[in-house]
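Reader: I have a sequence and a model to go with it. Please take me through them by question and answer.

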Amino acid sequence: MTSNAKQGENSVPHPEVPGRPCSAAAALQLVGERWALLAIREIFYGNQRFDQIVRNTGAPRDRLAARLRALEEAGVVERRPYSERPLRFEYHLTEAGRDLAPVMHALLTWGDRWAVDTPPVAFRHRGGPGSEHDAEHDLDLKSTCRTCGEEAGSGGLTIDVRAPGWDRSGPIEGA
């Protein structure tokens, strides 16, 4: 694993992944296992103690403990003591963990549409001071380009492969 130089002290290790150099593959190496994502979900929901996370994920205790250790080593969660006798810890999301919020929302949105009959959870949103949407309403996210401010849809996207020796179809022969 290599380290993320942009994050400095809060670095997240970069896993080595086989095949095409890909940020999605590297992210999945860190957080892409079922129990890891469900643990992150529970921490987002405010359930930070191990017993709560076990109960709400249904994960085997030993497997969940291993996933939480891996997430801690990856810089996604941090442990904070909440009891000294006996010594017990809570799990909190780091900046890297909090940055998974749109990923978790996207998975839940996709699951609501394609994996369940009735969505079991809804995120609610209230606009800030001066907003024309000050009444609470269901959250409906969209992707907006920060450069031009337009909504980003698949029709306006192209792929610029920047990994040396690769193009869209795969490895470049002789490179």
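What follows is a set of questions and answers on this model.

Reader: What kind of model is this, and how are residues numbered?
Author: This is a predicted model, in which local features need pLDDT of at least 70 and side-chain atom pairs count only at pLDDT 80 or more, while totals for chains, interfaces and linings use all residues. Side-chain values use heavy atoms, leaving out hydrogens and water, and residues are numbered from 1 along each chain as its sequence is written.

Reader: What percentage of the residues of the protein count as buried?
Author: Buried means under 20% relative accessible area, exposed over 50%, and partly exposed in between, with a 1.4 Å probe and protein chains only. The C-alpha trace spans about 60 × 45 × 35 Å along its principal axes. Of the 175 residues, the share that counts as buried is 25%.

Reader: How many residues of α2 are buried?
Author: The buried residues of α2 include Trp-35, Ala-36 and Glu-42. They pack against α1 (23–31), α3 (50–57), α4 (61–73), β3 (77–84), β4 (87–93) and α6. Helix α2 is mostly covered, and the number of buried residues among its 11 is eight.

Reader: Is Arg-34 buried or exposed?
Author: Arg-34 is placed in helix α2. Between Arg-34 and Ala-59 there are 9.2 Å in space, C-alpha to C-alpha, and 25 residues in sequence. Because its relative accessibility is 55%, Arg-34 counts as exposed.

Reader: How are α2 and α6 oriented to each other?
Author: Two packed helices are described by the angle between their axes and the distance between the axes. Axes are lines fitted to C-alpha atoms, for helices over the stretch in contact, and angles run from 0 to 180 degrees between N-to-C directions. Helix α2 (residues 34–44) and helix α6 (residues 101–114) have axes 11 Å apart, at an angle of about 105°. Angles under 35 degrees count as roughly parallel, over 145 as roughly antiparallel, 65 to 115 as roughly perpendicular and the rest as oblique, so α2 and α6 are roughly perpendicular.

Reader: Which residues of α6 make the contact with α2?
Author: Contact means heavy atoms within 4.5 Å. On the α2 side, the contact is made by Leu-37, Ile-40, Arg-41 and Phe-44. On the α6 side, the residues are Ala-101, Met-104 and Leu-107.

Reader: Over the ring of which residue does the charged end of Arg-79 sit?
Author: Arg-79 is found in strand β3 and is partly exposed, with a relative accessible area of 38%. Leaving aside neighbours within four places in sequence, Arg-79 is in contact with Glu-72, Phe-89, Glu-90 and Tyr-91. A charge sits over a ring if NZ of Lys or CZ of Arg is within 6 Å of the ring centre and within 35 degrees of the ring normal. The charged end of Arg-79 is 4.0 Å from the centre of the ring it sits over, that of Phe-89.

Reader: Is the peptide bond from Arg-85 to Pro-86 cis or trans?
Author: Most peptide bonds are trans. Pro-86 lies in the loop between β3 and β4. The bond from Arg-85 to Pro-86 has omega near -5° and is cis.

How values were computed: Helices (H or I, at least four residues) and strands (E, at least two) are DSSP runs, numbered from the N terminus.
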